[in-house]
Amino acid sequence: NAAGATFPLVHFNGALAGCSSSYVCTWNPATKDSWRKNRDADAANAFYLANTYHDYLAAAPFGFTAQAGNFEKSDGDPVLLQALDGANTAGGLPDANHIDNANMSTPPDGTPPTMQMYLWHQPGTTTSQDPFIPMSGGFDASILLHEYTHGLSNRLVVDPTGVSTLNSIQAGSMGEAWSDYYAMDYLVTKGFVTDTAKAGEVLEGAYTLAGGLFRTEAIDCPVTATATNCSGIDGVKGGYTYGDFPTIGGTPEVHSSGEVWAQTLWDLRAALGHNAADAIITQGMTLSPADPSMLDMRNAILKADEVVYGNAHVSKIWKIFANRGMGWFAGATNSGDSYPAEDFHVRPAAQTPRT
């Protein structure tokens with residue numbers, strides 16, 4: 001309010017290395033019940049972030065309204081947001097099942113989803129054993145908005161009964177990528193995160209690691225990038241392409257494999273701008289088949305550009321996807337294909353000879 005925060009934040013900056021005025025620690029893993037000092041602030045902040053994001057997604061260019069399947073008390077399905085979930089499961093501390101994570105379970109439209117925000121940094125560990133600083137997911141906007149976006153994608157990519165179909169490895173990877181993309185798109189659009197022409201600035205989950213890399217690379221890494229945050233775990237410089245899908249994290253896994261899709265979406269944002277990119281990315285979800293592969297979703301985004309903008313961006317879109325290895329001749333057997341074949345060709349002209 002006008003006088004300041006209703007629930008002032010208590011700093012625990014002596015709890016562990018990494019805590020600072022820029023990355024405030026909000027509890028002490030060595031002290032039972034220390035999280036209680038910020039319980040009210042934690043719940044209020046989570047409530048604020050979720051409700052502000054609800055309104056943001058309901059407006060243009062997204063249109064995630066009640067008619068589109070969003071979360072409304074009036075429709076009987078408000079988000080059940082559980083701040084500090086599991087914080088007291090081990091005698092004033094969180095147990096191993098309620099630490100360093102967050103989740104969102106999204107049933108079909110009409111049934112409330114459940115979001116759970118956990119504490120971070122396992123009690124009894126050092127920073128070398130657990131690098132996350134002692135904070136709460138309710139205080140990291142990128143984490144909470146990431147989880148909320150799972151609700152968006154799980155309500156838009158559905159079967160005829162309204163059940164989410166983001167099940168196979170490629171569909172699930174896009175689910176994680178959309179969550180990273182929409183969260184960081186919001187934070188950059190609102191001016192909370194800097195995104196200049198310099199690569200490697202936009203980091204999901206940066207608060208949890210006091211500014212470090214939560215994913216293997218930053219989301220704003222072009223294929224040719226040489227920035228520090230644009231180097232994969234294998235030391236190779238540059239953003240990812242479709243052929244990197246099984247190796248980004250060492251093995252196919254939805255969070256790491258999804259980074260190629262998140263970076264591709266950021267390319268669309270850079271080329272088309274926030275409004276146009278988000279309009280066709282969101283509309284693409286509604287036009288996709290069930291359990292889509294990344295190539296299926298590429299096609300859905302192209303169809304969305306036709307529907308929304310009359311194919312105004314089709315050449316740019318093809319160039320972006322081709323640059324990321326999802327070109328005209330790229331292939332995958334289905335969404336369960338962990339080893340897709342990449343290709344870097346744009347769409348051939350209509351009268352190109354076939355051989």
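A: One cut-off comes first: a residue is buried under 20% relative accessible area, exposed over 50%, and partly exposed in between. The model is a predicted one.

Start with Lys303. Its relative accessible area is 38%, so Lys303 is partly exposed. Glu306 is also at 38% and is likewise partly exposed. These two side chains form a salt bridge, with the closest N and O atoms 3.0 Å apart. Both belong to helix α7, residues 294–309. They are three residues apart, which means about one helical turn separates them.

Now turn to the pair Asp185 and Arg269. Their side chains meet in a salt bridge at 2.5 Å, N to O. This pair links distant parts of the chain. Asp185 sits in helix α3, and Arg269 in helix α5, residues 259–272. They are 84 residues apart.

Helix α5 holds a partner of another bridge. Asp267 lies in helix α5, while Arg324 lies in the segment after α8 (314–323). This pair ties together parts of the chain 57 residues apart in sequence. The side chains of Arg324 and Asp267 meet at 2.7 Å, N to O. Arg324 has 0% relative accessibility and therefore counts as buried. Asp267 has a relative accessible area of 17%, so Asp267 is buried as well. As a general point, side chains of opposite charge can pair when their charged atoms come close.

Next, the nonpolar side. The largest nonpolar core has 79 residues. Those with the most contacts inside this core are Trp178, Tyr182, Trp261, Leu268, Ile281 and Ile301. Helix α3, residues 169–189, gives the largest share of the core, 12 residues. Helix α3 is also the helix that holds Asp185. A second, separate core has eight residues, among them Leu203, Ala206, Cys221 and Ala227.

Leaving out residues up to four places away in sequence, Ile301 touches Trp261, Leu265, Leu268, Ile280, Ile281, Gly284, Ile317 and Phe321. In soluble globular proteins, nonpolar side chains tend to be buried together.

Last, the backbone. Most residues other than glycine have a negative phi, and most peptide bonds are trans.

The peptide bond from Ala60 to Pro61 is cis, with omega near 5°. Pro61 is found in the loop between α1 (39–58) and β1 (80–82).

Asp33 is not a glycine, yet its phi is positive, about 65°. Asp33 is found in the segment before α1. Its relative accessible area is 30%, so Asp33 is partly exposed.

His121 also has a positive phi, near 90°. His121 lies in the loop between β3 (114–117) and α2 (141–156). At 0% relative accessibility, His121 counts as buried.

Key:
Residues numbered from 1 in each chain as written. Predicted model: local features only at pLDDT ≥ 70, side-chain atom pairs only at ≥ 80, totals over all residues. Heavy atoms only, no water. Helix = DSSP H or I, 4+ residues; strand = E, 2+ residues; numbered from the N terminus. Buried < 20%, exposed > 50% of the residue type's maximum accessible area, 1.4 Å probe, protein only. Core = buried A, V, L, I, M, F, W, Y, C linked by side-chain atoms within 4.5 Å. Contact = heavy atoms within 4.5 Å. Salt bridge = Lys/Arg side-chain N within 4 Å of Asp/Glu carboxyl O.
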